[in-house]
Each structure stands twice: as structure tokens, then as C-alpha cells.
Amino acid sequence: MLVEAFGSPEAFFIASTAHKRKTIPGISDKLWAQWESARDTGSADLAWLDEGDDRHIITLHDPAYPPQLRHIPDPPPVLFVRGDPEVLHAPQLAVVGSRQADRSALRNSHDFSAGLASAGLVITSGLALGVDGAAHQGAIDGGGRTIAVVATGLDRVYPARHHKLATDIISHGAVVSEMPIGTEVRNYLFPRRNRIISGLSLGILVIQASMRSGSLITARQALEQGREVFAIPGSIHDPLSHGCHALIKSGAALVESITDIITELRGLNGSISAQAVTGPDYSRETTDLSADAQKILSAMSYEICTVDYLDSALELTNAQISAILLELELDEYVERMPGGRYRRLH
């Protein structure tokens, strides 16, 4: 209503109270008081806007507003953008997952995002630690573009350790928020943020998520918005994989390669590259390893196991197994897990 009456948020905030009352009569005194109290916030937003050419405020009825997002049930009325606003109109895939992601999940997030970005998809995520950060970095390393949707005002970066990553994202896409300048970290804003991540995207890829993960909230919102949902399965013994397994049981597409995603999304958007994309290749030759090291890798299969389990399965002492596992870990053949457990990486 305000944008229709005044033409832009800027025009509303700089207008006098008398002009506002004349332009939109019949507004209650309570609502007038709320609008007047928002004047300082609006002034801060406009001051932020004037600080650089890479800063943008896009309203719901602006032609620059991404149409994919406009048609969700509750689109944000205003978007604050740092970077290139045109990237919001490109075909996107959301990539989300655990903040406590293990090495395998981080590698999947990075490598899948790099491959998908090279196929023409913008990678959209939430700038969080773990899977989100790896997805953004993968898209950049793959020569593509990426969007970070955040739950704070764009005058701050959360988490702080992603300050450089946020700067790189601005150079290779955009950082986006619906929250006004000055908004601090508030837990209840993250689920609101998640609907924008899925709303901007054609689909969402979930990489490692527990049953209580915020990523499942994003996936549910994606389903409600009519988006495609993809999930990478993990070990049945890993609690951080149970959320992905639940999604697959509920109808999410099980993903083993980038081709699984590209094939599905090309039917929704023809601008995605038709070139064959096989995805990250995690195979690795083991012929240069000792015979005992190869026996350990074979006994581990791809399940999480302990030294005691390997001790019972092999004719090696506990000390020998521990020493070989350390060498395999240093060479990135295995990953040490919490509780003295190990998992094969390749």
C-alpha cells in the first residue's frame, strides 16, 4: 500500500506527516505512531543505501524483485541486497546442511556446489558454518555465482569468521536480507530467513542433517513452496544423516551425483547446462599403500568403526592398527570421528 501510494520507500520516509495523512487517509492513530517510530530505522536504511553502488533496496512491487520469490505464500516485502541484484533472477539451487558437518559432508558441499555452479546454477545458502560456508566457497571456486541469505541487517556479518567469505560472495553474487539495517542476531529470525533461501531456488539439496536440524525446516518450506527436494544419504549409524534419510523416506530425491540434480532441474529451467556432469569423483587408488593398510580400508568398508572392531577382524595388534590409521588419516584416506571412531573417505 505504501509503495503504491508514494512510489518508493524513500518517498514515504521523507514525506511530511501532513502529506502522508492527505495521501492515505483513514489510517488509525496507532498505525501512524508505528510508522513514525520507524522513521529512524528507515533513515538508517537509506543512509546505508547511500554508502555504495553495490547496495540496493528492492520492494515487492519493484521489477527487480525476483519473481521466483514473489510467488511464495509470504514473500518478504523488502529485500536489502549487497552485490549484483541481477543474480537474484538466475536459476538457483539451495544447498543447506549441518553447522557441525564432518569432513565428508564439507567436501560434498564444496564439490557438488562447484560442479552445479559450473553448470549454470547459482548456489544459494545461509552463510552459516559447516555446509553453508562450504557451498558458497565451492560455487566461487567453481567459477560460478552464489547468494547468501542472512537473518541480520547487512551492516554486520554473522558468524564473524565468515567476514572474508561474505566479501567474496558480494564479488561473486550477492548477500541478501529482509531485515533492516541494525538488526542483531536473533534465533527466531533464522526460520524466517530459511523460507527466502528455498523461495529463491528451484530446489534444495540437503547435505548431512540431524532430525532436529534447521535444514529440515528449510526442506519443509521448500515442499510447501512447490520446490524440488534432494538429499545425500549417509551412514545409518550417523545421527547427522538421519534427517536426510527421513527426507528420502518422505519422497526427496536420493542424490549420488550432480547428474541426478541437473537432470531434474533442466526440466524446470532450460538455461541450465545440458553438458554431461558426472559430479565429484571420490575414487582413489590404494595400490601405493602397504598390504596392512589396504586390509584395514577393506575391513572398514564405508561404515564408521572402532579400533577394537578392526582388531577383531584383522590379524593385527591394536597398536599396529592405531599407527596405520594415523597414517591413513594424515593421507586423507580416513577421517577420525568423535569417540575414537573412524570412517573411510574414499
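Start by selecting helix 8, residues 131–141. Helices (H or I, at least four residues) and strands (E, at least two) are DSSP runs here, numbered from the N terminus. Colour Val 131, Asp 132, Gly 133, Ala 134, Ala 135, His 136, Gly 138, Ala 139 and Ile 140: these are buried, meaning under 20% relative accessible area, with exposed being over 50% and partly exposed in between (1.4 Å probe, protein chains only). Because 9 of the 11 residues are buried, helix 8 is largely enclosed by the rest of the structure.

Before you click on, a word about the model. It is predicted, so local features need pLDDT of at least 70 and side-chain atom pairs count only at pLDDT 80 or more, while totals for chains, interfaces and linings use all residues. Residues are numbered from 1 along each chain as its sequence is written, and side-chain values use heavy atoms, with hydrogens and water left out.

Now show what sits over helix 8. The cover on its buried residues includes strand 3 (92–97), helix 7 (103–118), strand 4 (122–125), strand 5 (146–149), helix 9 (163–171) and strand 7 (203–207); contact here means heavy atoms within 4.5 Å. Just past the end of helix 8, click Gly 143, which has a positive phi of about 80°.

From that cover, stay on helix 9 and pick Ile 170. Leaving out residues up to four places away in sequence, Ile 170 touches Asp 54, Arg 82, Gly 83 and Val 175.

Next, the aromatic pairs. How many does a search of the whole structure find? There are 2, counting rings of Phe, Tyr and Trp (its six-membered ring) whose centres lie within 6.5 Å; planes under 30 degrees apart are stacked, over 60 edge-to-face and the rest tilted.

Then go to Tyr 158 and Phe 190, a tilted pair at 6.1 Å centre to centre and 55° between the planes. Tyr 158 is in the loop between strand 5 and helix 9, and Phe 190 is in helix 10 (residues 189–199), so parts 32 residues apart in sequence are tied together. Buried or partly exposed? Tyr 158 is partly exposed at 41%, whereas Phe 190 is buried at 14% relative accessibility.

Now find Gln 225, in the loop between helix 11 (214–224) and strand 8 (228–232). Gln 225 is buried, because its relative accessibility is 13%. Its side chain makes a 2.8 Å polar contact with the side chain of Ser 198 (a pair of N or O atoms within 3.5 Å; within protein, one must be able to donate a hydrogen and the other to accept it, and residues adjacent in sequence count only if both atoms are side-chain atoms). A polar atom of the Gln 225 side chain also lies 3.1 Å from the backbone oxygen of Arg 195.

Finish with helix 14 (residues 291–300) and helix 16 (residues 318–330), whose axes come within 10 Å and cross at roughly 85°. Axes are lines fitted to C-alpha atoms, for helices over the stretch in contact, with angles from 0 to 180 degrees between N-to-C directions. That makes the two helices roughly perpendicular (65 to 115 degrees; under 35 is roughly parallel, over 145 roughly antiparallel and the rest oblique). Select Asp 292, Ala 293, Ile 296, Leu 297 and Met 300 in helix 14, which meet Ile 321, Ile 324, Leu 325 and Leu 328 in helix 16.
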